[in-house]
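Work through the exercises below with the sequence and the model side by side. Try each task before you read its solution.

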Amino acid sequence: MTAEQKTYTVAVAGLGKRGMHHAEAVAKNPRLKLAGLCDIDPGRMETAAQKFNVERTDAHAAKLLQSVTPDLFIFCTLPQLRLPMIRAGVEAGVKMIAYEKPVALSMNEALEMYKLVRAAGVKTVVSHQHRYGEHYRKVKEIIAGGAIGRVHTVYGHSIGWMMHMMTHLVEYAGWYNGGADPLWVAGQAAGCEKFADVHVSPDYIGALVQYANGVRGIFECGAGAPDVPEVDSMWHKCRIGAQGTEGFAEVLTGKEGKGGGWRAVTRDGAISGPGYMDYAHDMPPYIEDMVAWLDDDSRVHPCDGETALKGFQVMMGALRSVVARGKIDLPLGPGEPELDALQKALG
Ligand SMILES: NC(=O)c1ccc[n+]([C@@H]2O[C@H](COP(=O)([O-])OP(=O)(O)OC[C@H]3O[C@@H](n4cnc5c(N)ncnc54)[C@H](O)[C@@H]3O)[C@@H](O)[C@H]2O)c1
């Protein structure tokens, strides 16, 4: 049997909104077999088991993984649960772990997670799947084709708060910047209301990033970040793009019927087009690229966990910068848990 004929088994843990999106895309992929499901909520687990006709279920991810030993482990739990899931996947000998953003709650946790997966040779994928949107791809095509000249600035902003939105912004801006390494970050933050949220965040954060190719990154997230008046849906008010010596190109995330799309000014004039973020459109190719990487080590997933870790470092670096009052060099080593330190600093 060639690699392209193999069927890979999959277990999914955390069967809320995003877990169900993943399970649906897995169930529809002919190269994948949904072999196990996990949620601490028995009702959700039962509903999913019936919907996808899966027999093996367990409220404990580690137990499920030990009995199913899947090739691919997907977990879509809230941000408080990352390291124990990664450990459970590594200990069960899975080949790939795909999980939801944000990468972790602190740099210490992320470093521990990546120590485990790197030592075990486990591939990781993080769900920055917006990039599969046609409007996101159009912006990439314009920038990569040179139509805006030499890129000097990339940017992203969202009125959704940091732990929800910031790694999305940094990931896609980094993509538009050709994947250059971030060298340092300087941040500022304000407001403590969202420290009580499950996506623990300052109410507002701004970050300036210097990339190794000389490009500057500008990011803002949360209350006080610029509005995107063209989009009439709070979570979809994101604008991400690049400015170059001859123009700019940017995507407005958008939602069906609520605005969104892409626009650019290039050396040939102004152009624009429609588009909106759509899970049903973005999830199948996102899952398909996992199969491709399982088949072939050289077909690294566009949402590779190592790239996501770079973006996470920008976010954690920005928090450290608020506390230390200065530029923070990347990559980061271990340190005081960033959110705790920031909350103390903001009072
Ligand atoms: N990539 C995206 O576009 C996108 C969009 C929305 C949310 N997210 C991210 O997805 C993650 C999940 O968000 P959601 O909206 O699906 O949350 P959710 O609350 O709908 O689902 C989380 C599920 O995890 C389950 N769970 C909790 N503890 C568990 C455990 N120990 N073992 C197994 N299951 C457990 C809960 O019972 C729940 O069913 C978050 O990190 C969020 O930031 C990403």
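**Exercise 1. Charges over rings**

Task: Which ring does the charged end of Lys327 sit over?

Solution. Step 1: apply the criterion, which asks for NZ of Lys or CZ of Arg within 6 Å of the ring centre and within 35 degrees of the ring normal. Step 2: find the ring. The charged end of Lys327 sits over Trp184, 4.4 Å from the ring centre. Step 3: look for another case. Arg131 lies over the face of Trp175, and its distance from the ring centre is 4.2 Å.

Before you go on, note the ground rules. This is a predicted model, in which local features need pLDDT of at least 70 and side-chain atom pairs count only at pLDDT 80 or more, while totals for chains, interfaces and linings use all residues. Residues are numbered from 1 along each chain as its sequence is written, and side-chain values use heavy atoms, with hydrogens and water left out.

**Exercise 2. Confidence**

Solution. Step 2: take the protein as a whole. Its mean pLDDT is 97, and 99% of its residues reach 70 or more. Step 3: go element by element. Helices (H or I, at least four residues) and strands (E, at least two) are DSSP runs, numbered from the N terminus.

**Exercise 3. Aromatic pairs**

Task: How many aromatic pairs does a search of the whole structure find? Classify Phe75–Tyr99 and Tyr136–Tyr172 as stacked or edge-to-face.

Solution. Step 1: set the cut-offs. Rings of Phe, Tyr and Trp (its six-membered ring) pair if their centres lie within 6.5 Å; planes under 30 degrees apart are stacked, over 60 edge-to-face, and the rest tilted. Step 2: count. The search gives six pairs. Step 3: take Phe75 and Tyr99. Their centres are 5.2 Å apart with 10° between the planes, a stacked pair. Phe75 is in strand β3 (residues 72–75) and Tyr99 in strand β4 (residues 96–99), 24 residues apart, so this pair links distant parts of the chain. Both residues, Phe75 and Tyr99, are buried (under 20% relative accessible area; exposed is over 50%, partly exposed in between; 1.4 Å probe, protein chains only).

Step 1: take Tyr136 and Tyr172. The pair is edge-to-face because the planes stand at 75°, with the centres 5.1 Å apart. It also links distant parts of the chain: Tyr136 is in helix α6 (residues 134–144) and Tyr172 in helix α7 (residues 162–176), 36 residues apart. Tyr136 is buried at 1% relative accessibility, and Tyr172 is buried at 0%. Step 5: look for a cluster. Phe73, Phe75 and Tyr99 form one.

**Exercise 4. The ligand**

Task: Which residues come nearest to the ligand?

Solution. Step 1: list the surroundings, where near means a heavy atom within 4 Å. There are 26 residues around the ligand, and Arg18, Asp39, Arg44, Lys101 and His199 come nearest. Step 2: check polar contacts (N or O pairs within 3.5 Å). A backbone N or O atom of Arg18 is 2.8 Å from a ligand oxygen. For a polar side-chain atom of His130, the distance to a ligand oxygen is 3.5 Å. Alone, the ligand exposes 850 Å², and the protein buries 83% of that.

Note on methods. A polar contact is a pair of N or O atoms within 3.5 Å; within protein, one must be able to donate a hydrogen and the other to accept it, and residues adjacent in sequence count only if both atoms are side-chain atoms. Accessible areas come from the Shrake-Rupley method with a 1.4 Å probe; for residues, only the protein chains shown count as cover. pLDDT is the predictor's confidence in each residue, from 0 to 100.
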